[in-house]
Amino acid sequence: MPQLRTETMTVNMGPQHPSTHGVLRLVLTLDGETVLSASPTIGYLHTGIEKTSEQKKWQQVIPLVERMDYLSAQSNSMAFCMSVEKLLGVDVVVPERVKNIRVLLAELQRINSHLVWLGTHGMELGAVSVMLYCFRERELLLNINEMIAGFRLFPSYMRVGGLREDLPRGFHEAVRAFLDRFAGKLNEYEDLLTKNEIYLKRTQGVGIISKEDAVAYSLLGPIARSAGVDYDVRKVFPYLGYETYDFNVPTQTAGDVYARYLVRVAEMRESMKICRQALDRITPTGKWAIDDPRITPPPKDRVYTEMEALIQHFLIYSQGFMVPAGEAYVPVEGPRGEQGFSVFSDGTNRPWRIKSRAPSLLACQALERMIVGGLIADVIAVIGSIDVVMGDVDR
Amino acid sequence: MDGSALLALLQQAAPGATIDAAPSVDVHTTIYVSRDHVIEVARALRDAPELRFSFLAELTAVDVWPREPRFEVVYVLVSIEHRLRLRMKVRLHGEDAHVATVSGIWPAANWLEREVWDLFGIVFDGHPDPRRLLMPEDWEGFPLRKDSPVQIRRPPHVAEPLQVTAEEFRQNVERDRLSRSEM
């Protein structure tokens with residue numbers, strides 16, 4: 001039999017490929033269908049938010065950081081506010097009710113983000129109905145966002161020192177209605193995927209990352225938990241009183257795409273448990289920010305009737321507030337893993353530098369380890385399963 | 001474990017390295033390490049059985065221009081086994097901004113160091129892939145440096161369209177015709 005001439009082929013996947021979740025470009029070297037090497041190229045969405053923030057006052061940064069990882073907006077702004085509160089030294093006086101509301105909103109945001117992930121990941125593997133169902137339930141969460149802040153994707157509801165305003169009327173009913181409905185819907189998604197023969201064939205044993213690699217590439221989050229690293233910031237370094245909530249951290253050991261699916265679906269169930277506990281603790285009305293006239297603007301009715309309140313309002317919105325010099329980094333558990341903002345201050349009303357810890361960037365870096373040696377069709381399954389948001393990668 | 005106990009342990013694990021404690025407002029114990037001992041201290045932090053900082057959670061830099069030493073490279077480390085967090089900082093002078101890479105100790109540092117090189121111009125000696133990460137490859141300057149200009153407006157650069165008069169056009173056609181007939 002004559003020797004068959006074979007040669008490798010270099011393929012550019014992206015940056016405009018529909019399954020790269022934004023503008024990720026992969027330069028793949030292929031031998032037939034097998035991926036020999038992969039080099040991710042990023043930076044197409046680099047908007048320089050970190051540089052822009054240095055020109056803004058502290059409270060003006062909040063809407064900017066929400067747009068970094070656009071699927072976990074409230075987690076971003078919460079992490080940023082908590083870092084600034086730590087620098088100000090007011091984190092110890094943040095009211096209990098504010099902490100509970102932040103926990104509730106962060107967990108709803110986690111469900112929201114995981115729903116988008118499940119929908120798009122399912123669709124890329126051919127399960128189009130899952131996408132439609134997930135976005136249907138996500139709509140309810142966006143309605144809740146609209147209710148509290150008037151903005152559906154980037155509510156900017158978190159503020160340094162608390163929240164923008166009190167919860168609206170009907171908030172408890174809306175969240176409870178969502179939670180009651182969602183428990184059954186989550187079972188429906190699982191019926192469609194968890195034991196689906198086609199889905200299992202596409203995901204089991206695909207895109208495996210070992211526990212050692214997950215540690216080496218600092219994948220602190222669902223990807224590491226699916227590979228057997230039992231780390232969750234909420235358990236290991238609790239914040240906002242997470243130690244008082246009853247919940248589990250789901251882990252798997254396989255480290256493949258299917259394990260990541262199982263971990264994230266289980267996380268949504270745990271988030272629902274936390275939401276219910278938080279909702280029971282939150283009173284319909286009460287404190288929504290700290291009592292600090294330097295940081296918290298007065299309520300509008302006082303601004304219109306009292307001169308002192310008007311001056312205070314004017315000072316906060318024109319000059320902002322001073323933050324003592326120093327640096328702080330408060331880690332929180334975002335939907336994609338450990339998240340946080342390294343905040344550096346020089347003692348003025350503008351940040352000297354902020355730096356976001358981007359879990360998606362590290363996931364993108366580890367992507368190569370997961371796809372080399374696999375088939376090109378599996379690349380799409382793997383990219384979907386690591387849940388990268390390019391806004392978070394490039395910032 | 002409190003900060004001073006951690007520092008004593010680390011000093012024991014990396015004898016000979018200059019390690020200074022620094023104040024910190026958050027959960028991270030903060031230390032300053034001199035540039036020459038980064039690798040030694042990093043290895044001790046990762047491998048010492050009482051420390052085991054196996055995760056490099058974050059690597060970034062700060063520019064305190066116009067003061068000198070101008071740069072601070074910040075490493076945020078996590079030890080899951082002992083539930084510890086640590087911030088390690090290295091000071092670098094502006095005209096001599098280079099430090100040894102830690103990507104051999106924590107592979108996650110690869111892209112994070114590339115990002116710091118890209119945005120601050122700090123060189124990581126021995127880095128396996130020292131390219132820009134976020135900015136275009138032909139970008140000049142380092143945007144996150146404090147002396148990098150912000151919000152500048154440059155006049156838009158437009159390529160001039162090629163203008164040929166009618167006379168030149170006829171001459172060109174004639175010249176082409178002649179050159180073809182010569183062949």
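**Exercise 1. Find which residues of the largest nonpolar core touch the most other members.**

Start with the term: a nonpolar core is a set of buried Ala, Val, Leu, Ile, Met, Phe, Trp, Tyr and Cys residues joined through C-beta atoms within 7 Å. Buried means that 20 or more other C-beta atoms lie within 10 Å of the residue's own, while 12 or fewer makes it exposed and anything in between partly exposed, with C-beta atoms placed from the backbone.

Now look at the core, which has 161 residues: Val382(A), Val73(B), Leu77(B) and Ile122(B) touch the most other members. Its largest share, 12 residues, comes from helix α4 (residues 96-124) of chain A. Helices here are DSSP runs of H or I with at least four residues, strands are E runs of at least two, and both are numbered from the N terminus.

A word on what you're looking at: this is a predicted model, where local features need pLDDT of at least 70 and side-chain atom pairs count only at pLDDT 80 or more, though totals for chains, interfaces and linings use all residues. Residues are numbered from 1 along each chain as its sequence is written, and chains are lettered from A and ligands numbered from 1 in the order in which they are written.

**Exercise 2. Work out what Val73(B) touches.**

Contact means C-beta atoms, placed from the backbone, within 7 Å. Leave out residues up to four places away in sequence, and you get Ala61(B), Lys89(B), Val90(B), Leu92(B), Val99(B), Val116(B) and Ile122(B).

**Exercise 3. Describe the hairpin of β2(A) and β3(A).**

First, β2 (residues 25-31) and β3 (residues 34-41) of chain A are antiparallel, joined by 7 bridges. Arg25(A), for instance, has Thr41(A) as its bridge partner. Then check the turn: 2 residues lie between the strands, and Gly32(A) there has a positive phi of about 65°.

Definitions and conventions. Two residues are in contact if their C-beta atoms, placed from the backbone, lie within 7 Å. Two strands pair if DSSP finds at least two bridges between them.
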